[in-house]
Amino acid sequence: MDFIFPFFTTGMFDNSVNLFLAILLGIGFGIIFVKSGFSTSAHIAPVFYFKNVMVAQVMVSAIITTATLIFLGVLFGYIDYSKIYIPATYIWPYFVGGLLFGIGMVMSGWCPGTAISGVATGKIDALIFLLGVMAGMYFYFDIYEYVKDFANSGNLGRYTIAKALGFEEDNLQVSYVVTFIASFGLLAFMLIMNKIVKNKGDE
Amino acid sequence: MNKNYWNPYVAGVILGVMLFITFLIAGQGLGASGAVARATAQVAYQVDPEIAKNAYAGKYLASGNALINWTVFEVVGIFLGALFIALLSGKFKLELTRSKNYPAIKRVLFAFLGGFLIAIATRFARGCTSGQALDGASAFSAGSWIFMLAAFGAGFLVAFLFKKQWKGVE
């Protein structure tokens with residue numbers, strides 16, 4: 001029998017099996033988060049000052065690893081790329097969301113996923129952060145009527161890198177090469193800035 | 001390099017392989033903000049069921065319980081996994097991370113306010129560093145790069161405002 005991944009979205013698993021596996025996979029991620037240094041704001045905030053770019057190094061190498069595996073999986077016919085979930089791109093909401101996110105991140109030293117692992121390792125600031133996230137979510141429910149036009153503007157649907165560059169949506173060669181170059185560019189920028197900041201010393 | 005942590009490149013490859021396995025099984029990767037949004041909707045529902053009529057929270061509650069969801073189960077797993085390794089390695093420690101002598105009340109305020117902003121940000125961006133940046137970029141979504149670059153850019157631009165909070169913390 002031929003296996004075409006992903007299992008759940010191609011109908012191999014039912015929902016309860018998938019939910020059970022979600023917990024197991026989550027446990028794996030939780031362990032990886034702590035061992036990657038994601039479970040403290042002392043590693044997240046310094047990225048914005050280029051003082052310690054460890055979490056950025058982890059993040060970029062993870063993107064390159066997964067992108068490579070997905071690329072190869074599709075190339076050899078084991079993965080149905082159209083069944084891999086990609087959130088629709090909403091240009092302006094993504095841009096504004098990104099700006100707010102960055103400000104919130106350097107202010108708090110957390111993002112939602114890392115804060116879950118932070119609470120589990122005893123970080124009080126992670127718990128307060130998550131209470132702030134819940135308050136913000138509730139606020140968003142309240143204001144949704146007023147912001148929904150903006151939030152749903154600029155919808156480009158499943159918008160891959162290849163498509164953005166004028167190629168076929170599922171041209172993975174183009175998407176992969178660009179992802180590879182952009183990721184390494186980002187990593188190189190982080191490492192160079194880190195070196196400059198370290199040489200300058202702490203004022 | 002701190003011996004409590006893996007080499008960042010090795011950690012990245014492990015995280016990437018884990019993410020790939022998750023994509024293979026579930027067709028989606030890591031998520032976090034969606035689970036917190038759902039938890040908020042469910043808590044609000046327990047307090048006052050009227051929230052089910054809300055145009056945004058209502059869609060989480062349509063199936064009866066906002067918490068019966070893949071990302072919510074995964075986040076429960078993240079918590080358990082992190083707790084397990086913290087207890088196992090004796091790393092569980094209550095602390096409010098901040099610069100030495102930085103007022104605790106200001107740190108608490110910024111942690112809360114940052115979370116508040118991030119919640120709204122994730123609703124506009126349909127995800128956070130996990131579901132949007134990591135998953136999306138790995139699966140070749142152009143929008144993920146818009147989000148990531150805007151987030152890092154804005155973070156760098158306003159970083160000077162919070163410098164005192166993080167001085168010596170690294």
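In chain B, take the contacts between residues at least 6 apart in sequence: 57% of them join residues at least 24 apart. A contact here means that two C-beta atoms, placed from the backbone, lie within 7 Å.

A word on ground rules. This is a predicted model, where local features need pLDDT of at least 70, side-chain atom pairs count only at pLDDT 80 or more, and totals for chains, interfaces and linings use all residues. Residues are numbered from 1 along each chain as its sequence is written, while chains are lettered from A and ligands numbered from 1 in the order in which they are written.

**The two chains**

Chain B has 8 helices and 0 strands, and chain A has 8 helices and 0 strands too. Helices (H or I, at least four residues) and strands (E, at least two) are DSSP runs, numbered from the N terminus. "Buried" in the table stands for 20 or more other C-beta atoms within 10 Å of a residue's own, with 12 or fewer making it exposed and anything in between partly exposed; the C-beta atoms are placed from the backbone.

| Chain | Residues | Buried residues | C-alpha span along principal axes |
|---|---|---|---|
| Chain A | 203 residues | 56% | roughly 60 × 45 × 35 Å |
| Chain B | 170 residues | 58% | about 45 × 40 × 35 Å |

**Where the chains meet**

Chain B puts 106 residues into the contact, and chain A puts in 108 residues. On chain B's side, the elements giving two or more residues are α1 (8-26), α2 (33-47), α4 (70-88), α5 (104-125), α6 and α7. The top contributor there is α5(B), with 18 residues. Sorted by class, that side of chain B has 74 nonpolar, 24 polar and 8 charged residues. The classes work like this: Ala, Val, Leu, Ile, Met, Phe, Trp, Tyr, Cys and Pro are nonpolar, Asp, Glu, Lys and Arg are charged, and the others, Gly among them, are polar.

**Helix pairs in chain A**

Helix α3(A) covers residues 54-75, so to speak a 22-residue run, and reaches 32 Å from its first C-alpha to its last, close to the 32 Å expected at 1.5 Å a residue. That expected span is 1.5 Å times one less than the number of residues. Of the 22 residues of α3(A), 17 are buried, so the helix is largely enclosed by the rest of the structure. Just past its end, A:Gly77 has a positive phi of about 80°.

One partner of α3(A) is α8(A) (residues 172-200): they pack at about 165° with their axes 10 Å apart. Axes are lines fitted to C-alpha atoms, for helices over the stretch in contact, and angles run from 0 to 180 degrees between N-to-C directions. The two helices are therefore roughly antiparallel. For the wording, under 35 degrees is roughly parallel, over 145 roughly antiparallel, 65 to 115 roughly perpendicular, and the rest oblique. Residues in this contact include A:Val60, A:Ile64 and A:Phe71 of α3(A) and A:Tyr176, A:Phe180 and A:Leu187 of α8(A). By class the contact divides into 13 nonpolar, 3 polar and no charged residues.

Then there's α1(A) (residues 15-35) with α5(A) (residues 112-120), packed at about 80° with axes 10 Å apart. That makes α1(A) and α5(A) roughly perpendicular. A:Gly30, A:Phe33 and A:Val34 of α1(A) face A:Thr114, A:Ser117 and A:Ala120 of α5(A) in the contact, a set of 3 nonpolar, 3 polar and no charged residues.

**Over in chain B**

Helices α6(B) (residues 129-138) and α7(B) (residues 142-158) pack at about 140°, with their axes 8 Å apart, and are therefore oblique to each other. From α6(B), B:Gln132, B:Ala133, B:Gly136 and B:Ala137 meet B:Gly143, B:Ser144, B:Trp145, B:Phe147 and B:Met148 in α7(B). This contact counts 5 nonpolar, 4 polar and no charged residues.

Helix α1(B) has 19 residues and reaches 26 Å between its first and last C-alpha, close to the 27 Å expected. B:Gly27 follows α1(B) and has a positive phi, near 80°.

Finally, B:Asn65 sits in the loop between α3 (57-61) and α4 of chain B. B:Asn65 is partly exposed, with 13 other C-beta atoms within 10 Å. B:Tyr45 lies 20 residues from B:Asn65 in sequence and 9.3 Å away in space, C-alpha to C-alpha.
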